[in-house]
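Open the model in your viewer and keep the selection tool at hand. The stops below go from the whole chain to single side chains.

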Amino acid sequence: MPRATQILRKSRKVVEDLNLLKVLQSEISHELSSNSFQDENIGSLGDFVLDWNSSRSQDVVLRRKSESGEEVAVSALLSQKTYDTEGIFPRKLLMKVCVQRPGLSSILQFDCGVSEKGVRRSDFKIRSAYFLQSTTVPGSSIYRGPLFSSLEPQLQDALKEYLVARGIREDLTNFLLLTLHKKEQGQYLDWLQKLESFVMKDERLFSAAAG
């Protein structure tokens, strides 16, 4: 009797694993056939260069250095929330823009949100702007400046134009939206395939699936 129970448990495990394998293979096929972003080609880097885009990380980093010596660094990643949209990108971006002037130790950092506006159009909004010392990490009690939304509209617009003049334009935000959605889709597909391979490591399951 104990042997029969053991065999029954093993058989149940194989059935459950086979079911998981079928679901995984269905999801992989769906991702490969849908390929939502792979045929899209919008946006450009402009004067920026792609400084960091590891297949193991969620973010990308761009850099630009002007003839005057001013440096601009942009880091961006997808937000966790998804949104109903008429466009092709379901998620917004979280973007940081850091500007460093030659001869100054402080960095002006902007925290921004990027979202699709209509189809294949995008825009960014500044959420905060503050100074950082390049050699220190600010604590939570450090004053970072006023609430951005409380600033006079003219000042808000002028700060946005300040970033636009440094290359933070629609071509760049389109590029970031497409690049990060492609990146996330590729990472998800890679994770599915690794999970499929892990499940199929069981030789008995592999034999059953092949049969």
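How many helices and strands does the secondary structure of the protein come to? The answer is four helices and six strands, where helices (H or I, at least four residues) and strands (E, at least two) are DSSP runs numbered from the N terminus. Along the sequence they follow the pattern α-β-β-β-β-β-β-α-α-α. This is a predicted model, in which local features need pLDDT of at least 70, side-chain atom pairs count only at pLDDT 80 or more, and totals for chains, interfaces and linings use all residues. Residues are numbered from 1 along each chain as its sequence is written, and side-chain values use heavy atoms, with hydrogens and water left out.

Next, color by burial. Of the 211 residues, 34% count as buried (under 20% relative accessible area; exposed is over 50%, partly exposed in between; 1.4 Å probe, protein chains only).

Select Asp111 and Lys96. They form a salt bridge, with the closest N and O atoms 3.0 Å apart (the term means a side-chain nitrogen of Lys or Arg within 4 Å of a carboxyl oxygen of Asp or Glu). Aspartate 111 lies in strand β5 and lysine 96 in strand β4 (residues 93-100), so the pair ties together parts 15 residues apart in sequence. Aspartate 111 is buried at 16% relative accessibility, whereas lysine 96 is partly exposed at 37%.

Move to Arg121 and Glu170, whose side chains meet in a salt bridge (2.5 Å, N to O). Arginine 121 is in the loop between β5 and β6, and glutamate 170 is in helix α3 (residues 170-199), 49 residues apart.

Finish in helix α3 with Asp190 and Lys194, four residues apart, about one turn of the helix. Their salt bridge has its closest N and O atoms 3.3 Å apart.
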